[in-house]
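Please look first at the sequence and the structure on the screen.

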Amino acid sequence: AQNLTSLPGDNRNALLLLGVRDQNIASGGTATAQAAFSSIVAGAGTALQAAHNQADHASAALSQVETLRQAASGVSTDQEMVSLMSFQRAYQASVKVIETADAMLQDLMNMHFGG
């Protein structure tokens with residue numbers, strides 16, 4: 001209550017507090033508290049949406065660059081693996097031919113000079 005003669009539970013202070021709602025007390029006295037809060041929330045929402053849009057654009061650009069890189073190189077990892085295995089088999093076959101020729105020459109040398 002505002003004075004001693006008022007009954008307990010007088011609502012005049014509540015009415016004064018309610019009047020603060022319409023006063024420009026935020027943003028340097030240019031906006032109400034509710035308007036300033038709404039502005040902050042709207043700004044955060046706008047910034048969040050812009051960040052999501054930028055992330056989507058960056059992801060799409062990265063995907064496009066990856067596709068272009070793969071198209072430019074023209075290399076398939078599966079195809080390269082098959083080629084590598086083929087070269088490995090050819091190398092193993094070459095080694096076997098050389099080992100066989102070496103063994104045959106060794107036997108010939110032993111027959112000619114050893115026996």
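This is a predicted model: local features need pLDDT of at least 70, side-chain atom pairs count only at pLDDT 80 or more; totals for chains, interfaces and linings use all residues.

Residues are numbered from 1 along each chain as its sequence is written, and side-chain values use heavy atoms, with hydrogens and water left out.

Let me begin with helix α2. Helices here are DSSP runs of H or I with at least four residues, strands are runs of E with at least two, and both are numbered from the N terminus. Helix α2 covers residues 33–73, which is 41 residues. From first C-alpha to last it reaches 60 Å, close to the 60 Å expected at 1.5 Å a residue; the expected span is 1.5 Å times one less than the number of residues. After α2 comes Gly 74, with a positive phi near 60°.

Arg 69 pairs with Glu 66, and their closest N and O atoms are 3.2 Å apart. Why are these two about one helical turn from each other? Because they are three residues apart in helix α2. In general, an α-helix has 3.6 residues a turn, so residues three or four places apart point the same way. For exposure, buried means under 20% relative accessible area, exposed over 50%, and partly exposed in between, with a 1.4 Å probe and protein chains only. Arg 69 is partly exposed at 46%, and Glu 66 is partly exposed at 35%.

The count comes to two salt bridges. The other partners to note are Arg 21 and Asp 22, whose side chains meet at 3.5 Å, N to O. Arg 21 is partly exposed at 48%, whereas Asp 22 is exposed at 56%.

I turn now to the loop between α1 and α2. Ser 27 is found there, and its phi is positive, near 55°, in a residue other than glycine. Most residues other than glycine have a negative phi.

Contact here means heavy atoms within 4.5 Å. Leaving aside neighbours within four places in sequence, Thr 32 is in contact with Arg 21, Asp 22, Gln 23, Asn 24, Ile 25 and Ala 26. The side chain of Thr 32 also reaches the backbone nitrogen of Ala 35 at 3.1 Å. Such a polar contact is a pair of N or O atoms within 3.5 Å; within protein, one must be able to donate a hydrogen and the other to accept it, and residues adjacent in sequence count only if both atoms are side-chain atoms.

Ala 31 lies in this loop as well and is buried at 16%. Not counting residues up to four places away, Ala 31 touches Gln 23, Asn 24, Ile 25, Ala 26 and Ala 36.

In helix α3, residues 77–114, we find Thr 100. A polar atom of the Thr 100 side chain lies 2.8 Å from the backbone oxygen of Lys 96, and Thr 100 is partly exposed at 40%.

Finally, Leu 17 lies in helix α1, residues 12–20, and is exposed at 62%.

Thank you for your attention.

Terms used. A salt bridge is a side-chain nitrogen of Lys or Arg within 4 Å of a carboxyl oxygen of Asp or Glu.
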